[in-house]
Amino acid sequence: MSFHLSKYMIHTGFFRVAAAIPEVKVADCEFNILQIKKLIFEANQQQTDVICFPELSLTAYTSGDLFLHQTLIDEAEKELQRLLIETAEMPVCFIVGAPVKYGSKLYNCAVICKGGRIYGIVPKVFLPNYSEFYEKRWFESYPLNNPPVMIDYAGESVPFGTNLLFDYHSVRFAVEICEDLWSVIPPGSYHAIAGAQVIFNLSASDELTGKRRYVKSLISQQSARCHAAYVYAAAGFGESTTDAVYAGNAFIYENGYLLAESERFRFSEHRIVSEIDLDLLDAERRRNTTFGDQLSESNYKRINIASDAVLNRPNRKPIALKRRINPTPFIPSEDHFYESCEEIVSIQVAGLAKRLLHTDAKSLLVGVSGGLDSTLALLVCVKTVDKLEFPRSMVCGVTMPGFGTTDRTYTNAIRLMQSLGVTTKEISIKDACEQHFKDIGHDSSVHDVTYENTQARERTQILMDLANQQNGLVIGTGDMSELALGWATYNGDHMSMYSVNAGIPKTLVRPLVKWMAETQADESSKATLEDILFTPVSPELLPADSEGQMTQLTEDIVGPYELHDFFLFYTLRYGFTPKKIYFLAQQAFHTMYDNSTILKWMETFFRRFFSQQFKRSCMPDGPKVGSVNLSPRGDWRMPSDASANLWLKEIYSLYDSSPTPPSDFA
């Protein structure tokens with residue numbers, strides 16, 4: 001099976017774009033066109049859909065009073081015609097900057113071209129008139145809301161105006177120019193409201209100390225505010241003349257996040273390439289109802305860019321995305337890891353503190369197993385009472401050994417509670433469970449779900465009754481991943497009086513405990529925490545083997561949590577289809593899991609996610625810490641008896657018809 005990239009990318013919701021910084025010579029249009037053509041050819045080889053060049057890239061931005069000369073204006077138009085002829089058989093769409101006459105006025109414009117045609121010309125709205133940028137000396141500002149008109153340019157009758165929307169494949173994009181972005185309300189904001197998913201900006205901003213950081217912040221905010229992608233290409237080394245220096249800044253942002261950026265101060269042409277996730281942008285706009293309230297296409301002209309058959313680009317198998325798909329979307333990036341961990345734990349602490357003060361509880365009861373989830377819950381309880389300046393003895397840690405408890409987890413539970421200075425209790429559940437088996441007529445040698453859940457419910461009963469004795473609160477230890485899969489005993493570990501980990505996915509629990517071990521714990525607690533970090537995830541409800549080792553590993557039963565958290569994130573955060581999530585998982589986990597493994601556990605995820613909603617419909621309160629949460633009271637309102645058939649049917653179709661992932665992963 002072979003694919004043309006654009007069709008394949010659109011099929012999976014991606015659109016490949018590039019921002020290119022060509023080498024230029026001031027006022028030498030012939031030379032500049034050759035450099036631009038070279039980069040267009042390279043973009044075509046990389047199967048790019050749209051490539052954007054800097055402001056006035058045909059002439060160079062720093063031509064100054066030469067813009068007043070008819071010779072330069074005519075030469076730019078003539079050379080653009082030559083470029084159109086020489087790229088006529090290429091499927092890539094390109095956007096270049098040129099001075100364009102309309103009537104007796106000259107405008108600083110972006111020219112949108114493909115397949116030997118000009119599809120539209122967008123003039124600049126806001127012209128700087130300070131420092132070395134005296135654009136009003138040469139160019140006219142074009143009113144933002146003027147209806148588009150038709151003008152003759154480069155031998156064609158072409159739409160001219162700011163309010164142009166370009167439809168290419170299933171993408172809608174628009175263009176603004178440099179200073180437009182710096183205005184109070186950039187034209188790109190109106191374009192986004194009118195439906196543009198991608199905004200291209202042709203710029204020629206000079207380089208100053210600290211300016212790059214400011215520009216990145218500006219683009220990030222504009223991209224996030226508009227729920228759009230933003231592709232920015234600014235003039236490079238060749239523009240540097242007289243008193244101004246240009247560094248060749250190029251950025252690609254998506255919904256506020258940086259996908260690609262250029263290396264500054266390169267002395268040769270260069271480009272950056274990435275893919276825009278159109279499904280993600282559409283999902284954000286659907287969720288943001290205030291965005292939808294403003295949608296309007298009035299005064300806009302929609303232009304369809306022909307996506308005709310490929311001429312010079314052979315069909316190829318799917319290629320890897322240039323952008324990285326993060327396999328652990330819940331884990332904070334390295335740049336903000338410590339700051340984010342502190343923030344997450346602070347949210348947990350603040351939520352628990354409010355519940356503690358509101359109820360006037362006298363103790364916090366935590367079942368401590370020696371595993372990661374209960375460890376995190378215990379640490380949050382300790383930090384909460386510390387913050388409130390209450391004694392740590394107010395936290396009551398209870399270890400409740402059962403039939404599957406191993407020496408390692410038992411020892412770590414005791415050591416951790418002792419090192420933290422909390423009240424420690426040990427209550428074995430074995431005799432109580434054996435009595436219960438007799439009461440209900442269950443053979444204790446049959447290690448089935450009754451055998452397992454009896455232990456979970458007995459532990460919860462002990463904690464609830466201790467809370468009654470102590471006028472306390474039972475603090476839940478279960479995490480969001482367990483809630484998603486229903487990997488909790490109904491009215492057992494499923495229940496508590498406040499669940500501090502309810503908003504924490506399993507893949508985030510370990511990093512949080514690691515952060516607390518490194519930054520919050522004394523040496524005694526740190527040693528125990530480090531061993532807990534390397535303990536396998538297990539409910540320990542089945543007897544250990546002859547060597548005292550765990551026989552029940554959670555991920556062997558329900559699948560890898562890193563896959564399930566990946567599925568959970570893209571299902572809840574963006575509402576992606578199984579097909580789209582599968583494509584992303586192939587990109588993210590290509591060195592770890594083969595196709596059949598991904599599909600197997602995806603099927604498990606969706607089957608359990610739908611069938612176990614009834615547990616989430618009555619889950620306890622717990623603090624929301626991120627954009628994905630499963631609380632039925634505001635974040636995830638799913639009917640308890642919703643059918644998974646649509647999702648499972650799509651997954652089954654992927655077993656036979658999905659393409660093999662590419663071998664040339666970027």
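Modeller: Let's start with a term: buried means under 20% relative accessible area, exposed means over 50%, and partly exposed is in between (1.4 Å probe, protein chains only). Keep in mind that this is a predicted model, where local features need pLDDT of at least 70, side-chain atom pairs count only at pLDDT 80 or more, and totals for chains, interfaces and linings use all residues. Residues are numbered from 1 along each chain as its sequence is written, and side-chain values use heavy atoms, with hydrogens and water left out.

A salt bridge is a side-chain nitrogen of Lys or Arg within 4 Å of a carboxyl oxygen of Asp or Glu, and searching the whole structure turns up 30 of them. One of them joins Arg-137 to Asp-65, at 2.7 Å from N to O. Those two sit 72 residues apart, Arg-137 in the loop between strands S7 and S8, and Asp-65 in the loop between strand S2 and H3. (Helices are DSSP runs of H or I, at least four residues, and strands are runs of E, at least two, numbered from the N terminus.) Arg-137 counts as exposed, at 52% relative accessibility, while Asp-65 is partly exposed, at 34%.

Now try Arg-573 and Glu-284, whose closest N and O atoms are 2.7 Å apart. Arg-573 lies in helix H17 and Glu-284 in helix H6, so this pair ties together parts 289 residues apart in sequence. Both residues are buried.
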